[in-house]
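Reader: I have not seen this structure before. Please take me through some of the terms used for it and show what each one rests on.

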Amino acid sequence: MTLGQRRRCFGLLRSAGDVWACVLEVNAWRRRRRDVPLSGYQELCRELAASGPGTFAELDSTGARSVLRRFSDAWFAAAKRRSAGDMLARFPRRRRGLVPVRWYHGTFTLDGRRLRIPTAKGSAPLWVRLAREVPYPVEQVRSVTLLCEGGRLFLDVTAEVPVAVYPPGEQPDPARVAGVDLGIIHPYAVAGPDGKGLLVSGRAIRAEHRMHLADTKARRRAVARRAPKPGEKGSRPWRQYRRRARLVEGRHRRRVRQAQHEAARSVVSWAVEQRVGVLHVGDPRGVLDLPAGRRHNLRLRQWQIGRLLQVLTDKAVLAGIVVRLVDERGTSSTCPTCRRRVPKPRGRTLSCPHCRFSGHRDLVAAASIATRTPGGGPTTPTAVALPEVVTHRRAGRHLPGTGRSRRDPRRPPRAARGSVGPRRPAPPPGGESLAPTARIHNTHRKPGER
């Protein structure tokens, strides 16, 4: 877009931030007068109508109402959490400089790669050209959202997509159930029927988080000496440094998000091939409430459990597969044969000291999750069927260091790192994992055998 179009788009986002700030100011006045705050969408719209036209520059009433809808949803979500006993939930009281603006079907015009964004009455029409074609027919597009991430403008498109239709005899079977275990090293470990399993490697995603953290720390150390004084934070070098930091942060988030979508797509594609109709997913969000130290808490936040669940659910619903959340407590630390507690292993192999069972820890957890029912608690009612043939996939083939060169440009030179051992072969260009379809032998040894 041109500089004028970019300026006008950022002006719409800043006007939306003004709407958000006005709602906070009005509620602050009412709170000081001990009145009931304005939280409902209808009463907020009445307050907006009373302000009159032209109050928020080029922002039209439809875009302003979308900001009010966002505020109302955030307020009632916090009220619901507090009524459930979560006293850490906070009502929206923080100002925002740029707030996303949404326009619904019928208020915007989409013509190929050209989009007409609605503006206030009396303003010149705002036409922008998209970077690529919208992958949905125009009649399926329901809303568009203008937002800023990492200093770049994005357009979020929401469309109504029909559920996939399969030929007779190839559709997902509701009687075929698979268990899904979420993790960090393996974002998705799936144990399905007929002794089949799937492991999606997320080591590239974990390396991206580690290298981004190291890169951020090195950048901060580099500018620590020339950091501006308290009254010089508006200087040009400081603005250039902040702009560079926002660009790098935005690129990191986009890389991780794309890798998460690739991992979920691998799971859904595998489930469609196996005609799996129901996915039992273990819900590990309870571990977020356990204090485990500064470093481990950072790893849990970078795990992004909620996004993994949401991405998998969206893709599964489009494929006609039902997703159900079950309790996953004890699945990674319980022997599936003798049902006894097993000490946490250092690697990925779970070994039972009682019955000498040995198997992949994540696949054992996924097989136990497949037998559990929603709301049934941490119990495994039936026998666990462990997968014998496992398919390996890798998420994040676009991340630095996962291509043919096996080299991340953010790492120090090879001479500074010392010996790195023999080089691994480059992965094939098709996007598949180097590991072929493997057969896992879960053997049962007698006491005293090795």
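Author: This is a predicted model. A search of the whole structure finds 14 salt bridges.

Reader: What makes Glu160 and Arg142 a salt bridge?

Author: The closest N and O atoms of Glu160 and Arg142 are 2.8 Å apart, and the cut-off is within 4 Å. The pair therefore counts as a salt bridge. It links distant parts of the chain, 18 residues apart: Arg142 is in strand S5, and Glu160 is in the loop between strand S6 and strand S7.

Reader: Why is Glu160 called partly exposed?

Author: The relative accessible area of Glu160 is 48%. Buried means under 20% and exposed over 50%, so Glu160 falls in between. Arg142, with 34%, is also partly exposed.

Reader: How do you know that Arg255 and Glu208 form a salt bridge?

Author: Their N to O distance is 3.9 Å, and the limit is 4 Å. Arg255 lies in helix H5 and Glu208 in helix H4, so the pair ties together parts that are 47 residues apart in sequence. Glu208 counts as buried at 1% relative accessibility, whereas Arg255, at 21%, is partly exposed.

Reader: Why are H4 and H5 called roughly antiparallel?

Author: Helix H4 and helix H5 pack at an angle of about 175 degrees. Angles over 145 count as roughly antiparallel, so that is the term for H4 and H5. Their axes are 10 Å apart. By class, the contact has 7 nonpolar, 3 polar and 6 charged residues.

Reader: Which residues are linked in a network of salt bridges?

Author: Glu149, Glu249, Arg253 and Arg257 are.

Reader: How do you know that Cys335 is in no disulfide?

Author: The nearest cysteine sulfur to that of Cys335 belongs to Cys355 and is 3.4 Å away. A disulfide needs the sulfur atoms within 2.5 Å, so Cys335 is in no disulfide. Cys355 is in no disulfide either. A search of the whole structure finds 0 disulfides. Both cysteines count as buried, Cys335 at 1% relative accessibility and Cys355 at 18%.

Key. Residues are numbered from 1 along each chain as its sequence is written. This is a predicted model: local features need pLDDT of at least 70, side-chain atom pairs count only at pLDDT 80 or more; totals for chains, interfaces and linings use all residues. Side-chain values use heavy atoms; hydrogens and water are left out. Axes are lines fitted to C-alpha atoms, for helices over the stretch in contact, and angles run from 0 to 180 degrees between N-to-C directions. Helices (H or I, at least four residues) and strands (E, at least two) are DSSP runs, numbered from the N terminus. Angles under 35 degrees count as roughly parallel, over 145 as roughly antiparallel, 65 to 115 as roughly perpendicular and the rest as oblique. Ala, Val, Leu, Ile, Met, Phe, Trp, Tyr, Cys and Pro count as nonpolar, Asp, Glu, Lys and Arg as charged, and the others, Gly among them, as polar. Buried means under 20% relative accessible area, exposed over 50%, partly exposed in between (1.4 Å probe, protein chains only). A salt bridge is a side-chain nitrogen of Lys or Arg within 4 Å of a carboxyl oxygen of Asp or Glu.
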